[in-house]
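Please consult the sequence and the structure shown below while reading.

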Amino acid sequence: MDRPMAVELTATSPEQTRARYPDDSGYIERDGVRVHYEVYGSGEPTVLLLPTWSLIHSRHWKMQIPYLARHCRVVTFDGRGNGRSDRPKGLEAYDEREYAADALAVMDETKTDRAVIVGFSMGGQRGLLLAAEQPERIEGAVFIGPSFIGGGDSLPERAVYDFDTEYDALEGWAKHNRFHWLRDYRDWVEFFVSKMFTEAHSTKAIEDAVGWGLETDAETMLATQDAAGLTPEESRVLCRRVRCPVLVIHGADDAIQSETRSAAMAEQIGAQLVILEGSGHAPHVRDPVQVNLLIRDFLDSLR
Amino acid sequence: MIVAAPPREQTRARYPDESGDIERDGVRLYYEVYGSGETTVLLLPTWALIHSRHWKMQIPYLARHCRVVTFDGRGSGRSERPRGAEAYAIREFALDSLAVLDATATERAVIVGVSCAALWGVLLAAEHPERIAGAAFICPAVSLAPPWPERIVYSFDEPLGTDEGWAKYNIHHWLSDYRDFLEFFVGKCFTEPHSTKQIEDTIDWALETTPEVLADHDAGIALPLGVDFHELCRRIRCPVLVLHGNRDELHPLARGAALAQATGGQLVTLEGSGHFPQARDPVQVNLLIREFLESLR
């Protein structure tokens with residue numbers, strides 16, 4: 001079902017007002033790439049809200065930060081490629097392991113020995129790396145609509161078109177294509193974001209995410225797309241290595257990632273899987289109260 | 001417009017502690033009571049287009065702090081839909097309100113009303129000072145200041161050669177395509193971005209009544225009141241608060257300002273708000289109502 005872009009953008013940068021502002025913020029620098037982080041609240045534990053795909057930046061956690069920071073310490077950062085972080089050239093800079101290394105550097109800089117990580121979509125990949133390889137630093141992990149390729153199936157409509165083939169017709173997922181990104185980046189952003197939010201009455205969420213998407217560009221997004229991600233086999237091996245408690249959350253109406261991916265990830269890790277009826281790919285944006293309570297319950301279970 | 005809400009009533013954040021029907025002058029009216037406490041707020045009905053669920057963002061909040069009474073105005077919701085203009089005269093709504101206060105054993109109440117609720121609200125406050133402790137009017141549809149010029153271009157009764165824009169506010173168009181009128185009109189109620197949920201709710205509620213009833217209601221409002229409205233405003237002795245959106249496309253801010261001036265009330269301009277700020281900016285409206293309630297103590 002193609003949902004037309006029903007939104008006239010009413011908000012653009014500069015940044016909107018926030019319900020809560022960071023108590024501390026700054027930059028780390030790794031190999032010449034500056035990454036912007038923020039710290040909210042205090043106490044135990046620390047929740048590290050991971051960056052997702054660089055299409056959007058850390059403001060996608062805006063409905064989590066004010067709530068979680070009333071109960072614990074919250075650290076987040078803009079993934080390289082968007083927000084206040086650098087947009088380095090070249091696909092090497094966007095290797096999945098670079099994001100995981102940025103996370104550790106942010107933890108070091110903010111004096112965070114251990115954290116519970118929460119990752120959305122692509123955040124599931126860097127989060128899986130961290131949970132598997134840094135057991136002494138990661139106490140638990142929550143993955144929301146994770147991009148997991150170690151099992152399950154992709155959505156059938158996403159397998160129709162090839163990313164690297166130039167098409168004439170540009171309907172639906174045909175827009176998810178290298179040539180189209182370069183030709184009409186905004187059109188792709190609007191399409192993709194409309195697929196992120198399948199819930200009714202999502203105009204505000206769509207407007208926000210399109211606005212964030214326009215803070216980066218096609219070249220940067222292509223670099224993230226072409227960079228080395230986890231292979232299916234790597235993903236499965238990493239799952240077997242995870243020892244900390246894990247919660248996987250997936251929207252039943254997710255039009256970006258198949259529920260079978262989350263189910264496979266949860267099964268391979270031995271994690272709890274929660275399916276949210278009526279939710280799309282980003283339930284933390286569109287159904288924040290429910291997701292916040294799930295995260296908090298999970299945090300409480302770790303005590 | 002894709003209407004995604006189910007036809008059955010949605011779940012509520014809070015359910016009434018008491019509800020019932022009264023009958024006045026042969027018309028059955030449905031009321032609800034929430035919470036308890038010394039102050040009672042009576043949330044008035046407005047145009048029969050919508051029923052008391054238009055207060056859904058106020059009820060759960062206010063009922064934590066005081067007692068809340070509301071009812072479906074005649075012609076809407078679970079109340080009866082009598083026919084004929086006389087049944088919808090302004091005074092009928094004032095008398096219905098008093099009957100609900102009686103039925104719920106409410107001696108005095110602070111009234112809150114949206115849009116044309118100000119018509120019967122002013123009548124109540126002016127003529128029944130012993131029952132009305134204060135009055136808050138949101139985007140009042142009072143003719144103390146001129147209407148938007150585009151609203152008086154077309155005849156309501158005559159067949160028109162067009163159904164563009166405000167030409168949809170026409171009985172022939174209502175009868176031939178009620179829904180089309182609703183989508184236009186409700187769109188004008190919510191000028192704020194990201195109002196799809198409020199628009200959908202309002203259209204759904206409006207589909208629970210008929211264009212015939214709305215036409216009767218308009219005709220009833222137009223019947224002579226027997227007393228000068230401006231004079232009524234000046235007779236009001238209780239505190240008055242007027243909230244008006246500066247992006248109200250149904251009734252200009254000047255109308256709210258004129259009502260505040262005529263009643264000696266306080267005017268608060270809601271920046272960026274349309275005609276139904278209680279639905280679209282409920283936190284701000286709720287806090288203003290609560291401050292007003294506290295100022296009465």
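Over all chains, the structure, which is a predicted model, holds 41 salt bridges. As a general principle, side chains of opposite charge can pair when their charged atoms come close.

| Salt bridge | N to O distance |
|---|---|
| A:Glu15 and A:Arg18 | 2.5 Å |
| A:Arg178 and A:Asp226 | 2.8 Å |
| B:Asp180 and B:Lys168 | 2.8 Å |

**Pairs within chain A**

A:Arg18 has 10% relative accessibility, and because buried means under 20%, A:Arg18 counts as buried.

The side chains of A:Arg178 and A:Asp226 also meet in a salt bridge. A:Arg178 belongs to helix H4 (residues 178–183) of chain A, whereas A:Asp226 belongs to helix H7 (residues 218–226) of chain A, so this pair ties together parts that are 48 residues apart in sequence. With 33% relative accessibility, A:Asp226 counts as partly exposed.

Chain A also contains a network of salt bridges, which links A:Arg30, A:Asp31, A:Arg80, A:Glu98 and A:Asp102.

**A pair within chain B**

In chain B, a salt bridge joins B:Asp180 with B:Lys168. B:Asp180 is found in helix H5 (residues 178–189) of chain B, and B:Lys168 in the loop between strand S6 (132–138) and helix H4 (171–176) of chain B, so the pair ties together parts that are twelve residues apart in sequence. The relative accessible area of B:Asp180 is 23%, and this residue is partly exposed. B:Lys168, with a relative accessible area of 12%, is buried.

**The contact between the chains**

How many salt bridges are counted between chain A and chain B? The count is zero. The rule does, however, find six residue pairs in polar contact across the interface of chain A and chain B, with both residues at pLDDT 80 or more. On the side of chain A that touches chain B, the residues by class are one nonpolar, three polar and two charged.

Six residues from chain A and six residues from chain B take part in the contact. About 540 Å² of area is buried between chain A and chain B, and carbon and sulfur atoms give 63% of this area.

Methods: Residues are numbered from 1 along each chain as its sequence is written. Chains are lettered from A and ligands numbered from 1 in the order in which they are written. This is a predicted model: local features need pLDDT of at least 70, side-chain atom pairs count only at pLDDT 80 or more; totals for chains, interfaces and linings use all residues. Side-chain values use heavy atoms; hydrogens and water are left out. Contact means heavy atoms within 4.5 Å. Buried area is the accessible area (1.4 Å probe) that two parts lose on being put together, summed over both. A salt bridge is a side-chain nitrogen of Lys or Arg within 4 Å of a carboxyl oxygen of Asp or Glu. A polar contact is a pair of N or O atoms within 3.5 Å; within protein, one must be able to donate a hydrogen and the other to accept it, and residues adjacent in sequence count only if both atoms are side-chain atoms. Ala, Val, Leu, Ile, Met, Phe, Trp, Tyr, Cys and Pro count as nonpolar, Asp, Glu, Lys and Arg as charged, and the others, Gly among them, as polar. Buried means under 20% relative accessible area, exposed over 50%, partly exposed in between (1.4 Å probe, protein chains only). Helices (H or I, at least four residues) and strands (E, at least two) are DSSP runs, numbered from the N terminus.
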